[in-house]
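Subject: Structure handover

Hello,

Here is the structure I said I would pass on. Please open it alongside this email, and my notes follow below.

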Amino acid sequence: MIVGVGVDMIEIERVVHACEREHFLKKIFSEQEIGQMDAKRRRAASDFAGKEAVVKALGTGFSGIEASEIEILRREDGSPYVVLQGKASKKAEELCIRDWKISITNTKELVTAFVVAST
């Protein structure tokens, strides 16, 4: 059963620019996410949009949940998946969410992430 859906669209350059600040990068992204980003940090925009879509599916926004508690990682084939920790994981458990589907697409200027949370 679907518990929540979330979608987010963001300007890639806005996130790339924010990642120039080390504080932003380390506050928002895990070491594993940073390791999977390309040199230009375009992947950061995809991951950030994914995080936003996840908190929308949880129905919380970032209220009480840190962005770093949500990881958007990639399988060997490049497909994204969601990993939750801390308060984000606890909220998902409260909602009986057991499965996350995430789709991310981008153009030259924008990235969109769509998430479905289900039991």
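A44 counts as buried because its relative accessibility is 0%, and buried means under 20%. This residue sits in helix α4. Please keep in mind that the model is predicted.

What does A44 touch, apart from its neighbours within four places in sequence? The contacts are V15, C19, F29 and M37. As for F29, 15 residues separate it from A44 in sequence, and the C-alpha to C-alpha distance is 8.1 Å.

Next, the aromatic rings. The structure has two aromatic pairs. One of them is F24 with F29, an edge-to-face pair with 6.3 Å centre to centre and 75° between the planes. F29 has a relative accessible area of 3%, so it is buried. F24 also counts as buried, because its relative accessibility is 17% and the limit is under 20%.

F24 also pairs with F48; this pair is tilted, with 6.3 Å centre to centre and 45° between the planes. Because F24 is in helix α2 and F48 is in helix α4, this pair ties together parts that are 24 residues apart in sequence. Both F24 and F48 are buried. Through these ring pairs, F24, F29 and F48 are linked into a cluster.

In soluble globular proteins, nonpolar side chains tend to be buried together. Here the largest nonpolar core holds 35 residues, and F29, V54, I70, L84 and W100 have the most contacts inside it. Elements giving two or more residues to this core include the helices α1 (12-18), α2 (22-28), α4 (42-58) and α5 (86-94). Which element gives the most? It is α4, with nine residues.

Neighbours within four places in sequence aside, W100 is in contact with V54, A57, L58, V82, L84, A92, V115, V116 and A117.

Last, S118, which is in strand β5. Is S118 buried or exposed? With a relative accessibility of 14%, S118 counts as buried. Leaving out neighbours within four places in sequence, S118 has contacts with M1, I2 and V3, and also with C96, I97, R98 and D99.

Regards

Conventions: Residues numbered from 1 in each chain as written. Predicted model: local features only at pLDDT ≥ 70, side-chain atom pairs only at ≥ 80, totals over all residues. Heavy atoms only, no water. Core = buried A, V, L, I, M, F, W, Y, C linked by side-chain atoms within 4.5 Å. Buried < 20%, exposed > 50% of the residue type's maximum accessible area, 1.4 Å probe, protein only. Helix = DSSP H or I, 4+ residues; strand = E, 2+ residues; numbered from the N terminus. Contact = heavy atoms within 4.5 Å. Phe/Tyr/Trp six-rings, centres within 6.5 Å; stacked < 30°, edge-to-face > 60°.
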